[in-house]
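These are my notebook entries on a structure that is new to me. I record what I looked up, entry by entry.

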Amino acid sequence: MERTELKPCPFCGGKAKFERPIGEEPKVECYYPSYQTEGKYYLVQRFFIRCDKCRFRTIEFAVKLEINRDDLSLKESLDNCNDVKNFTEKWNRRADAE
Ligand SMILES: [Zn+2]
């Protein structure tokens, strides 16, 4: 499923996009859903949304992508990642719905 496009900046109408904090490498984290199951591995990267024109930016939020434990390749893409979808929805939620 395609990620929904970000709506333009609410202040100036400029193009908004996801950006990563400069110089910050993604981290690998392991989670154990329950005691006896195998841990799931995630690549954790922080993002924020910034307007190209007026440079307005949001707070940073963490995005977790599941990865294979053997070769650390991505199991899911940024486009179908729930964290990204949630934040896109929040950004796109406007008081004056179109
Ligand atoms: Zn703007």
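Entry 1. In which loop does Lys75 lie? I located Lys75 in the loop between β4 and α1, the latter spanning 82-92. I note that the model is predicted.

Entry 2. Is Lys75 buried or exposed? I found 12 other C-beta atoms within 10 Å of Lys75. A residue counts as exposed at 12 or fewer, so Lys75 is exposed.

Entry 3. I then looked up the surroundings of Lys75. Leaving out residues up to four places away in sequence, Lys75 touches Glu66, Ile67 and Asn68. I also checked Tyr42: Lys75 and Tyr42 are 33 residues apart in sequence, and their C-alpha atoms are 9.2 Å apart in space.

Entry 4. I turned to the strands and their partners. Strand β3 covers residues 40-51 and pairs with β1 (residues 16-19) in the antiparallel sense, over four bridges. In this pairing, I see Glu19 opposite Phe48 of β3. Strand β2 (residues 27-31) also runs antiparallel to β3, and five bridges join the two.

Entry 5. How many bridges link β3 and β4? I recorded seven, again in the antiparallel sense, with β4 formed by residues 61-67. I followed Val44 of β3 across its pairings: Lys27 stands opposite Val44, and Val44 stands opposite Lys64 in β4.

Entry 6. Last, I consulted the confidence values. The chain averages a pLDDT of 88, and 94% of the residues score at least 70. Confidence is highest in β1, at 95, and lowest in β2, at a mean of 90. I keep one caution in mind: where pLDDT is low, predicted coordinates should not be read in detail.

Conventions:
Residues are numbered from 1 along each chain as its sequence is written. This is a predicted model: local features need pLDDT of at least 70, side-chain atom pairs count only at pLDDT 80 or more; totals for chains, interfaces and linings use all residues. Two strands pair if DSSP finds at least two bridges between them. pLDDT is the predictor's confidence in each residue, from 0 to 100. A residue is buried if 20 or more other C-beta atoms lie within 10 Å of its own, exposed if 12 or fewer, and partly exposed in between; C-beta atoms are placed from the backbone. Two residues are in contact if their C-beta atoms, placed from the backbone, lie within 7 Å.
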